[in-house]
Amino acid sequence: MRLSKSEPLDTFTQDPEMEKKTNSKKNAPEKKKMIPRDVSWLAFNARVLQEAADPSVPLHERIRFLGIHSNNQDEFFRVRVATLRRMLQVGKSARMHLEENPEQILDDIHDLVIDQQREFDRIWDGIVDELKEQKIFIRTEKNLSKEQQKFVLTYFNEEVRTNIIPLMIESIQQFPLLRDKSIYLAIVLARQDNSVRQKFALIEIPTIVLPRFIIMPSKEGEKDIILIEDVIRFCLPYIFTYFGYDKFNAHIIKVTRDAELDIDNDISTSLIHQIEKGLKDRRKGKPVRFVYDKDIDPLLLEYLMRRMGLSPGDNLIPGARIHNFKDFMDFPNAVFAEKTSSLRKNFVHPLFAEATSVMHVIQGQDVMLHTPYHSFDTIIDLLREAAIDPNVVSIKITAYRLARNSRIVNALVNAVRNGKQVTVSLELRARFNEADNLEWKTRLEDEGVKVLIGIPGLKVHAKMCVIKKKIGTKTIQCGFVATGNLNEKTARVYGDHWLLTANRSILADINRVFSYLESPKHDPKILAACKTLAISPISMRSFFIKMIEKEIKLAKNKSGGEMIIKMNSLSDPQMINLLYEAARVGVNVKMIIRGICCAYTENKKWKKNITAISIVDEYLEHARAFVFRGGVYISSCDWMVRNLDHRVEVAVPIFDPAIQQEIKDILAIQLSGNVKARILDNEQNNKYKHEGSKKIRSQIEIFKYLHEKQYK
C-alpha cells in the first residue's frame, strides 16, 4: 500500500485490543530464546577488529579501527560489565527482568575479551611490520639515535616535565585514585648492584594535555614516531636521579571504572546537581577492569592488586606493551604518503546545490538527506537562514550530542540575537556527554535560549526541529526529523537519514512533542494526540507490533509478507519473539543490524529463516529505517527496551513516493553487499557474505547511486 500526503496515519494511538495482544502469552518475552546482548555486542566489536585485520583497508584506516575497537571496549566495560556486576549484588528475584545469569555472562565476557586481546595484539604486530615496509617506525626509548636522544630529552624538559608528578606509592598511606581514562607507568626502581631495596612508583601519562605521538627527526625517506610514555621511560634516570637508582623497569597499566551515573527520577532544580555529583562519583567508580603489560614485574603486579583491592576475578587483562589504543584513532596521518580515503568526498544534495534558500526548497517538496554522502552543511545552512530571516519567529530543536565547537549552537545563538524565540531540548543525561551538555546549557541560557533539560525517567533521544515563520497573518512551518545527532563532526562518518519537510501533519506532531517537553507535568495525553508520528513511550511499541502483525496476517493468507528492518541494535524480547513468529509463518524478514542482535536467525521450525547482516565499513551505519507493506519509516529508535519504553523517540512516515523508493533502493544495495557485510547467524561468528560473482561494497555503491541520482 502506498501512502500519500492526504492519508493521515491513525495507527499510532494506543488501542485496548492491541494492548491485550501486546501482553499476550504469544508475545511474552522468552529470554532463553535470545542471544545474550553482551555476547552479541562483543561479536560486533569483533567485526570492528576484522576491519583492522583486512589488508584491503588502507593502513591508516586499519590503525583507526584498532583505536575504535579499544574505545568501544572501554565503554563496554564502563557500562555493561559494570551493570552486570551491580546485578550480582541484588537478589535473583529483584533482577528477574534483567539478565538471567550475570555470573555466566561475565565469565563468557572474560573469555571473549581475552581471545579478542590476543587477536588485537596479532593484528597490531602485523601492522607494525607493514609500517616498517613503508619506512614508518615506532621507536622506543631503547632504539633512538644520538640525535633523537637529544630531541627526546629536550622535548621532555620543555613539554613533559612540568606535566607529570611521580608518585612513590609505597610511601602513600591511601593509595591514589587512578583515573578511568588515563594510563600509568608502573615503575620498579632498583640499583644494578642490589645495594638498595627496590621501590615502586607511578607516573600518570599526560595525554590530556600532550599528544600521544611525537614525530622525531628521521633519516631521509623515513618517519620515526615515539609515544609519550616512551619519552618518559627514556628520561626516568633524570626524573629519579636524586634517589640514586640506576635500574628502571616500567610498564603501562590502566584501570576501567564503573561509569553509570546514579540519578533518580526527580526532574527538578536538583537534576543538575545530581548529574554534577554523578560525574564526580564516576571518577571514584569501582574498578571493573585492570589492564596491564603481561611483562610487568610480578611483585609490582601483586602489590598493585593488593593496594587497589583487586582479585583474580576482577577482569585482569594481560596485554602487550601499549594500552589505551583509543588514542590511535588520532595516529598522525602526516607520516603516510597515501592519505586518500577509500570513499568519495561528500557533496551538497542536488536540490540545494544552486538554491538560494533551503526553506524555500523544503516548502516546495520533502527532501531526504543521507549523510555523510550528502553534506551536513545543509542542516547548518537551514538554521543559519532561519536565524537571519526576518519572518522567522521561533526555532525549536532537540540536541543529544553536539560537536565540541558546534556551528549548530552558533546558529541558534545568532537566532536569539536576531530576536527569534529559540527552544532547545538538551539531554543532560546523554552518556559520556553529561559534562559537555551542562556547559552547553549554561552558554545557551546565557544567550537567551530557552533550555529544556529532561523528563522523569525518560531520556529525550528524538532528533527533530520545527521552524515557524509568519508572513502577514499566514503561518508557515518547516523542519526535520532525523536518525542522527546534530553534530557536524560525527556527521562526516555516521550514516544517517534526515527528512526535511513542510508537511503539516508531521510538523503538527513535532509541535505536540515540544508541547509535551515544555509542559510542567509532561502530560502523556499530549503525545497520545499525535496522529502521524509514532512516539516512544506512548505508541512506538504498539505501532511496530501492529505493522509486524499485518505482515504475519498476509503470510498466513498466502499473500506474501515482507519487511526490511535496519537498526543499530535489536535486543527487545517482545519484538524479537514477534519476529520469530513472522519467520515461523513465512514472512520474508530482512535485517541490517550494525551492533547488538540478540535474535537467532535460523530455526528448522520456521518456514523462512531471517536474513540478517551487519555492515562495518569506513562509515558507521547509524540510520534506522523500516519498510513494511504499510509504508516506509525512519526513526532514532532501536528495538531495545530503553528506546521503546524509557525514551522520547519518534518514527516518521515517508509520504513522498520518490523518497520511499530512495530508501528502498539504499536498503536493497546494502542487502546485496558482499564485501563488507557479515552474516548474523545463530553462532554470531561474523562470516563474510560472499554471495554473487560481482563484488558489491555497499557504501561505495550508495555514493554512486546518490551522486548520479536525478531530482525533479
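Predicted model: local features only at pLDDT ≥ 70, side-chain atom pairs only at ≥ 80, totals over all residues.
## A first look at the fold

I215 stands opposite I225 of strand β5.

**Overall make-up**

The protein has 712 residues, and 58% of them are buried. Its secondary structure comprises 21 helices and 25 strands. Take the contacts with a separation of 6 or more: residues 24 or more positions apart account for 76% of them.

**A three-stranded sheet**

β4 and β5 (residues 223-227) run antiparallel and share 4 bridges. Both belong to an open sheet of 3 strands. Its order is β1-β5-β4, and its pairing is mixed. Which strands lie at the edges? They are β1 (136-139) and β4 (213-216), each of which pairs on one side only. From one strand to the next, the twist averages 30 degrees. A helix also packs on this sheet: α5, residues 146-160. Helix α5 touches β4 and β5, and its direction makes about 140 degrees with that of β4. Strands of any sheet pair through backbone hydrogen bonds, either parallel or antiparallel.

**A covered strand and its neighbours**

Next comes β23, residues 631-635. Strand β23 is mostly covered, with 5 of its 5 residues buried. In a regular strand the side chains alternate between the two faces of the sheet. In β23, G631, Y633 and S635 point one way, while V632 and I634 point the other way. The residues on both sides are buried.

Two strands pair with β23. β22 (residues 624-628) is antiparallel to β23, over 5 bridges. β22 and β23 form a hairpin, with 2 residues between them. Within that pairing, A625 has I634 as its bridge partner. β24 (residues 647-653) also pairs with β23 in the antiparallel sense, over 3 bridges. There, S635 is bridged to A651 of β24.

**Two helices side by side**

Two packed helices are described by the angle between their axes and the distance between the axes. The crossing of α2 past α3 is left-handed. On the α2 side, the contact includes W41, L42, F44, V48 and L49. On the α3 side, F65, L66, I68, F76 and L84 are among the residues that take part.

W124 sits in helix α4, which spans residues 102-133. What does W124 touch, leaving aside residues up to four places away in sequence? Its contacts are I63, L66, L131, I138, I322, F325 and F328. The C-alpha atoms of W124 and A320 are 9.8 Å apart, although 196 residues separate the two along the chain.

**Cysteines**

A disulfide is a covalent bond between the sulfur atoms of two cysteines. How many disulfides does the model contain? The count is 0. C465 is in none; the nearest cysteine sulfur, that of C478, is 7.5 Å away. For C478, in turn, the nearest cysteine sulfur belongs to C465, at 7.5 Å. The cut-off for a disulfide is 2.5 Å.

**Backbone exceptions**

Most residues other than glycine have a negative phi, and most peptide bonds are trans. Some places in this model depart from that pattern. The peptide bond from T371 to P372 is cis, with omega near 5 degrees. P372 lies in the loop between β9 (367-371) and α12 (377-388). S536 and P537 are also joined by a cis peptide bond, with omega about 5 degrees. P537 lies in the loop between β17 (534-536) and α17 (540-556).

K558 has phi near 60 degrees and is not a glycine. Its loop runs between α17 and β18 (562-567). N686, also not a glycine, has a phi of about 60 degrees. Its loop runs between β25 (677-679) and α21 (698-708).

| Residue | Relative accessibility | Class |
|---|---|---|
| C465 | 0% | buried |
| C478 | 1% | buried |
| N686 | 5% | buried |
| W124 | 9% | buried |
| K558 | 79% | exposed |

K558 counts as exposed because its relative accessibility is 79%, and the cut-off for that class is over 50%. N686 counts as buried because its value is 5%, and buried means under 20%.

Methods. Residues numbered from 1 in each chain as written. Heavy atoms only, no water. Pairing = 2+ DSSP bridges. Axes fitted to C-alpha atoms, helices over the stretch in contact; angles between N-to-C directions. Contact = heavy atoms within 4.5 Å. Buried < 20%, exposed > 50% of the residue type's maximum accessible area, 1.4 Å probe, protein only. Left-handed = near helix turned anticlockwise from the far one by under 90°.
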